[in-house]
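This report describes the fold, the surface and selected contacts of a single chain. Please consult the sequence and the structure shown here.

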Amino acid sequence: MGRGRQKAKHTKIARDLKYFSPDTNYNALEAEIGTHGSEPHAGWSEEDFAGEDSRR
């Protein structure tokens, strides 16, 4: 027997997952990540990225 039914089921599941968009609670996400304030890189300094350009 072929695998047509199995492939169709996997295709359906993959399509459902691809186009699934849950309601995102951004306030809870922000609290979990721990970002507070408007400056996105608070606590980072230029020395943290000093060696980044030397890799190229």
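## Basis of the report

This is a predicted model, in which local features need pLDDT of at least 70, side-chain atom pairs count only at pLDDT 80 or more, and totals for chains, interfaces and linings use all residues. Residues are numbered from 1 along each chain as its sequence is written, and side-chain values use heavy atoms, with hydrogens and water left out.

## Overall architecture

Of its 56 residues, 0% count as buried (buried is under 20% relative accessible area, exposed over 50%, partly exposed in between, with a 1.4 Å probe and protein chains only).

The accessible surface of the chain is about 6,100 Å², with 52% belonging to carbon and sulfur atoms (Shrake-Rupley method, 1.4 Å probe; for residues, only the protein chains shown count as cover).

## Helix H1

Lysine 12 and aspartate 16 both lie in helix H1 (residues 4-18), 4 residues apart, or about one turn of the helix. Their side chains form a salt bridge at 3.5 Å, N to O (a side-chain nitrogen of Lys or Arg within 4 Å of a carboxyl oxygen of Asp or Glu). The count by this rule is 1 salt bridge. Aspartate 16 is partly exposed, at a relative accessible area of 44%.

## Helix H2

Helix H2 (residues 26-33) has 0 buried residues among its 8. At its start, a side-chain oxygen of asparagine 25 comes within 3.3 Å of the backbone nitrogen of asparagine 27. Just after H2, glycine 34 adopts a positive phi of about 95 degrees.

Leucine 29 belongs to H2 and is partly exposed, at 38% relative accessibility. Together, Tyr26, Leu29 and Ile33 make up a nonpolar surface patch with about 340 Å² of accessible area (patch residues have over 30% relative accessible area and no salt bridge; like charges are joined within 9 Å, and nonpolar side chains, namely Val, Leu, Ile, Met, Phe, Trp and Tyr, within 5 Å).

Definitions and conventions. Helix = DSSP H or I, 4+ residues; strand = E, 2+ residues; numbered from the N terminus. Polar contact = N/O pair within 3.5 Å; in protein donor to acceptor, adjacent residues only side chain to side chain.
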